[in-house]
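Had a look through this one, and here are my notes. Have it open in your viewer while you read.

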2 protein chains.
Amino acid sequence: MDEKKKPSIVDVAKWAGVSTATVSRVINHNGGYSRETEEKVKKAVNECEFTPNANAIGLRTNKSRCIGVIVPDVTNEFFARIIQELDFYLLKHKYSLLICNSNEGYELENMHIRGLIEKHIDGIVYISGQNEIKHTGKIRNIPVVYIDRAPKNAEMLIMSDNQEGGYLATREMVRKGCLRILLLRDVRCASTIRYRKEGYLRALREGNIPYNEELEVSCFPEYAQARSVMDRLMKSRGCFFDGIFATNDMMALACINVLLEAGVKIPEEVKVVGFDNISLTRFTSPQITTITQDTRQMALAAGSTILKMIQKKEIREKTTIIPVTLEVRGTT
Amino acid sequence: MDEKKKPSIVDVAKWAGVSTATVSRVINHNGGYSRETEEKVKKAVNECEFTPNANAIGLRTNKSRCIGVIVPDVTNEFFARIIQELDFYLLKHKYSLLICNSNEGYELENMHIRGLIEKHIDGIVYISGQNEIKHTGKIRNIPVVYIDRAPKNAEMLIMSDNQEGGYLATREMVRKGCLRILLLRDVRCASTIRYRKEGYLRALREGNIPYNEELEVSCFPEYAQARSVMDRLMKSRGCFFDGIFATNDMMALACINVLLEAGVKIPEEVKVVGFDNISLTRFTSPQITTITQDTRQMALAAGSTILKMIQKKEIREKTTIIPVTLEVRGTT
DNA sequence: GTGAAAGCGCTAACAC
DNA sequence: GTGTTAGCGCTTTCAC
């Protein structure tokens, strides 16, 4: 065993006085060896401080035990939470997570995908973040699990029950007496948003409240844009609503700040519900009522699905819907 | 060239009518071939849709073009921003980023490190997040760059100019007339916090304001803890300060909410400055004055340093200090 | 300027 | 139950 080099399985074999095949068998728990040799080998492994060479294994088996995750923006807490849970789940299964931040950009995404392919990663988790999927077809022969949105030909999809979320959010306000509930929605035509709106409509119907087109306002799903839209609305038409369902928490926060600054009382005069339950919703005053997307379950579903695909196990459901919950707090 | 299998350099060599050695040379721009063969090979590479097998390269060269990043919590925006920039920088240099979320846990971190070693990653970026570095010595022969904090025997360290940050924050309040500036500090004894306090003291000295021990309050650096500490303080002693320097933005936010709820006017009666400039500081009302840690420069420094170490280039500075800036907003 | 061939560390098929 | 060995795809030395 060389002084400088890392010990290989050959070194271990020599040390234990067995063949490399036997060492390999023991390491991989493949059976076909006696209790005795097992001990010998394990001892040798420890004493040599042997660690397997993933590159060699990968080359030999065409597996890398790496999963790539493509994400529009790690900086977004919702995505970060998914990554965190995914990392934890995969670590337990001895997989590594390669992070690919696309910044919502086509070019970065493609560079990343190219890198992933060269690295022979075993699978990809693709978190779309409501934007269009652009790469379609570029990824071949690699299992892909989509979270949130997926291209038509996609195999596997994990998503929250957005319809139910929209419903729960709106029902909460209806039950508490709101009659003119503003829908402040992400302007982008994502299916997730469409579902949330369906839920909103369902809750209105259930409460015998007619849908009013004037109460639907679109804007880009960022704080700044939501703020200016609400500012303009308040200036031009005043507070003509008694509830707001914002399709994400940042927009909800923008509403709350605008209303509070205009002297409107929350939740007495206007109630507000957001979506996502990012941590920020607990750091405001009042704290924001919102819909929890269960990032943990989403990550778990994505992780176990991708592992199953890698192992070519059969998967019953192509689409997994993760339940959402209403978090009642100070704004309703 | 097999139908199902990915083409290897053997296929390309056959296609181009040259040897694998030549293909390798062309691919790696190693010179020693004619303009003519270069064209032939390049053409073959394209037509075969050849992508190199990173495992084979890694096995042969003992390089993986992978960098691991160990981070206490991806969900923390400050860390996420560093990861984002690092990912971008490394992508440009054709390196991949393996994410290792330690959740501030010893065990997870070690599992991750073990995985990184097996994967023969080329380097590690270690973002400590002010907690102690525990692994010391476990990582051998792998270049490591530390961000924020480093163990004694560490080679490379990137950090913000925390002293200057504390100074700028405090000076801003001194200049605007504050005389009793509360220091709400992270209770953990990290060097970063120590530096920030030094800056605070320097600004006081400069303003001829005596340091008052009673104005230094410690707590865990989370919103909830900061809130309850401030709540208690206000209940027991009222508002005996006219400024607060909180050593991170979450604590600053907690202060602001407590004060606002108690009817204290910000910034008229009390001014507040945070630290980090997380995006949340712009989503509050009033927006929070804070110190920007330049995550982009930190990531750039970490990225270029780790690449230099990998290439065994000499590095002048062991420690890189990244400048910080004061962001004046509504709370001062 | 180009090719032949060894070998990186490992697994798995086959032999015993 | 264990050993021998071929070969995964690539780089690199050594010939020519």
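1. The surface near DNA strand C has ten nonpolar, twelve polar and four charged residues. Here Ala, Val, Leu, Ile, Met, Phe, Trp, Tyr, Cys and Pro count as nonpolar, Asp, Glu, Lys and Arg as charged, and the others, Gly among them, as polar. Bear in mind that it's a predicted model: local features need pLDDT of at least 70, side-chain atom pairs pLDDT 80 or more, while totals for chains, interfaces and linings use all residues. Numbering runs from 1 along each chain as written, chains are lettered from A and ligands numbered from 1 in written order, and side-chain values use heavy atoms, without hydrogens or water.

2. In total, 26 residues surround DNA strand C, the closest being A:Ile9, A:Arg60, B:Thr22, B:Arg25 and B:Arg60 ("near" is a heavy atom within 4 Å).

3. A phosphate oxygen of DNA strand C sits 3.2 Å from a polar side-chain atom of A:Asn28; for A:Asn53, a backbone N or O atom lies 3.2 Å from a phosphate oxygen. A polar backbone atom of A:Ala56 is 3.4 Å from a base nitrogen.

4. Chain B also has an open sheet of four strands, ordered E7-E6-E8-E9 with parallel pairing (pairing takes at least two DSSP bridges; strands are DSSP E runs of at least two residues). Strands E7 (216-219) and E9 (271-273) of chain B are the edges.

Technical notes. A polar contact is a pair of N or O atoms within 3.5 Å; within protein, one must be able to donate a hydrogen and the other to accept it, and residues adjacent in sequence count only if both atoms are side-chain atoms.
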